[in-house]
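Colleague: I want to learn how to read charged pairs and sheets in a model. Can we start with the charged pairs?

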Amino acid sequence: LDKRYPGVIEYESRASAKLTINSSLMGGKFGDDDIARLKPLNDQFVAADFSNTAITDRSAPNLAAMKHLHTLRLIHTRITDATVLALGGLSELESLNVFGTGITPAALKAAEHLPKLQHLYAGETKVAANGPLPDALKGKVLF
């Protein structure tokens with residue numbers, strides 16, 4: 001995978017076996033099939049940035065399999081509520097950025113069940129800044 005995606009997958013630190021992935025610079029060249037190729041490493045990812053890539057809701061099961069993610073950035077991707085709903089099992093997720101995606105207020109129902117979620121970035125989505133928020137997300141949703 002390192003040869004296929006040079007500089008995209010890195011160790012979290014020199015003393016850690018945990019991984020981070022940042023495919024944002026690949027843009028539209030990185031999509032759903034690429035996320036599927038990462039499957040052997042899913043248990044090791046703690047941070048993932050797929051911003052500005054071509055991923056869609058087809059990637060939702062693979063994203064949900066990254067059980068140890070603390071940070072997930074999906075800025076300007078073609079994901080919708082279906083992807084956020086699939087993320088319900090990410091019990092370690094602290095930060096989710098869905099800025100500029102197709103999510104709606106329905107995604108908030110799923111996000112409120114993420115036990116460690118501290119930040120949900122939802123600017124430029126169909127979630128209104130002045131709209132109602134579930135109690136569990138008050139103070140956590142940023143626009």
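Modeller: Start with the cut-off. A salt bridge here is a side-chain nitrogen of Lys or Arg within 4 Å of a carboxyl oxygen of Asp or Glu. Keep in mind that this is a predicted model.

Colleague: How many salt bridges does a search of the whole structure find?

Modeller: Four. Take Asp-32 and Arg-58 as one case. Their side chains meet at 3.8 Å, N to O. That distance counts as a salt bridge because the cut-off is within 4 Å.

Colleague: Which parts does the pair Asp-32 and Arg-58 tie together?

Modeller: Asp-32 sits in helix 1, residues 32–37. Arg-58 sits in the loop between strand 3 (45–49) and helix 2 (60–64). The two parts are 26 residues apart in sequence, so the pair ties them together.

Colleague: Which residues are linked with Asp-32 in a network of salt bridges?

Modeller: Asp-33 and Arg-58. The three residues form a network of salt bridges.

Colleague: What about a pair inside one helix?

Modeller: Look at Arg-37 and Asp-34. Their closest N and O atoms are 2.9 Å apart, and they form a salt bridge. Both belong to helix 1, three residues apart, which means about one helical turn separates them. Arg-37 is partly exposed at 34% relative accessibility. Asp-34 is buried at 9%.

Colleague: Lys-138 and Asp-135 form a salt bridge too; how far apart are the closest N and O atoms?

Modeller: They are 3.0 Å apart. Here both Lys-138 and Asp-135 are exposed.

Colleague: Now the sheet. What is the strand order?

Modeller: Read the order first, then the pairing. Seven strands make an open sheet, ordered 1-2-3-4-5-6-7. The pairing is mixed.

Colleague: Which strands stand at the edges?

Modeller: Strand 1 (9–11) and strand 7 (141–142). Each has a single partner strand, so one side of each is left without a neighbour in the sheet.

Colleague: How do strand 4 and strand 5 run, parallel or antiparallel?

Modeller: Parallel. Strand 4 covers residues 71–73 and strand 5 covers residues 95–97, with three bridges joining them.

Colleague: Which residue in strand 5 does Leu-72 stand opposite?

Modeller: Leu-96. Find Leu-72 in the viewer, then look across to Leu-96 in strand 5.

Definitions and conventions: Residues are numbered from 1 along each chain as its sequence is written. This is a predicted model: local features need pLDDT of at least 70, side-chain atom pairs count only at pLDDT 80 or more; totals for chains, interfaces and linings use all residues. Side-chain values use heavy atoms; hydrogens and water are left out. Helices (H or I, at least four residues) and strands (E, at least two) are DSSP runs, numbered from the N terminus. Buried means under 20% relative accessible area, exposed over 50%, partly exposed in between (1.4 Å probe, protein chains only). Two strands pair if DSSP finds at least two bridges between them.
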